[in-house]
Amino acid sequence: MNTSPQLLRRLALIAILSFTLGSGACSSAPAAIDGGGAAPAADGPSGVAVVSGAVQTISVDLSQGYYDPTVIEAKAGVPLEISFGQGQGCLAKVLIPAFSVDQDLTAGGAVVKLPAMTPGEYEFSCGMRMVFGTIRVK
Ligand SMILES: [Cu+2]
């Protein structure tokens, strides 16, 4: 099989193009809107998970290119279900390392079910670890 220089050049161009497209879409969360306090980790809009029966639930929108809410306030000791909206590009999947979650969101989003947690902060991020959010458990 002989590979022509032309073909090689074309392949190199495709590689460069896909690299550019794949890595250029990340945007970071907006600055904290409360403008104060000693908020560690990810800053941005926060939301409180709602306890309903034996679980607590919250929805996270990705349509603006970041996680909204960026900070999820949750109760310790109650399983948490996070309903992530449709993700694409940079936000095609969400990682929650503490629970080994690696979830694709390109098919209309997904519900990620987490066990009851102990107090603390649990980070989540996009697949490239460029856009972040925090689950703050109290
Ligand atoms: Cu990303």
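Which residue in E8 stands opposite Leu80? Leu80 faces Leu114 in E8.

The structure is a predicted model, in which local features need pLDDT of at least 70, side-chain atom pairs count only at pLDDT 80 or more, and totals for chains, interfaces and linings use all residues. Residues are numbered from 1 along each chain as its sequence is written, and side-chain values use heavy atoms, with hydrogens and water left out.

**Overall composition**

One helix and ten strands make up the secondary structure of the chain; these elements are DSSP runs numbered from the N terminus, helices being H or I of at least four residues and strands E of at least two. Along the sequence the pattern reads α-β-β-β-β-β-β-β-β-β-β. The accessible surface is about 8,000 Å², and carbon and sulfur atoms hold 59% of that area; accessible areas come from the Shrake-Rupley method with a 1.4 Å probe, and for residues only the protein chains shown count as cover. Of the 138 residues in the chain, 33% are buried (buried means under 20% relative accessible area, exposed over 50%, partly exposed in between, with a 1.4 Å probe and protein chains only). Among contacts with a separation of 6 or more, 57% are between residues 24 or more positions apart, a contact being heavy atoms within 4.5 Å.

**The four-stranded sheet**

Strands E2-E3-E5-E8, in that order, form an open sheet of mixed pairing; two strands pair if DSSP finds at least two bridges between them. E2 (50–52) and E8 (110–114) are the edge strands, each with a single partner, so one side of each has no neighbour in the sheet. From one strand to the next, the twist averages 25 degrees (axes are lines fitted to C-alpha atoms, for helices over the stretch in contact, and angles run from 0 to 180 degrees between N-to-C directions).

**The six-stranded sheet**

A further open sheet of mixed pairing has six strands in the order E1-E4-E10-E9-E6-E7. Its edges are E1 (46–48) and E7 (101–104); each has a single partner strand, so one side of each is left without a neighbour in the sheet. Neighbouring strands here are turned by 20 degrees against each other on average, direction ignored.

| Strand pair | Sense | Bridges | Facing residues |
|---|---|---|---|
| E5 (residues 80–84) and E8 | antiparallel | five | Leu80 and Leu114 |
| E4 (residues 71–74) and E10 (residues 132–137) | parallel | four | Ala74 and Val137 |
| E9 (residues 120–126) and E10 | antiparallel | six | Gly120 and Val137 |

Thr134 in E10 is the bridge partner of Val71. E9 and E10 form a hairpin with five residues between them, and Arg129 in the turn has a positive phi of about 55 degrees. Five of the six residues of E10 are buried, so this strand is largely enclosed by the rest of the structure.

**The nonpolar core**

The largest nonpolar core has 27 residues, of which Tyr67, Leu80, Ile82, Phe84, Leu114 and Ile135 touch the most other members. Such a core is a set of buried Ala, Val, Leu, Ile, Met, Phe, Trp, Tyr and Cys residues joined through side-chain atoms within 4.5 Å. Two or more core residues come from each of E3 (55–60), E4, E5, E6 (93–96), E8, E9 and E10. Not counting residues up to four places away in sequence, Phe84 touches residues including Val60, Tyr67, Val94, Val112 and Phe124.
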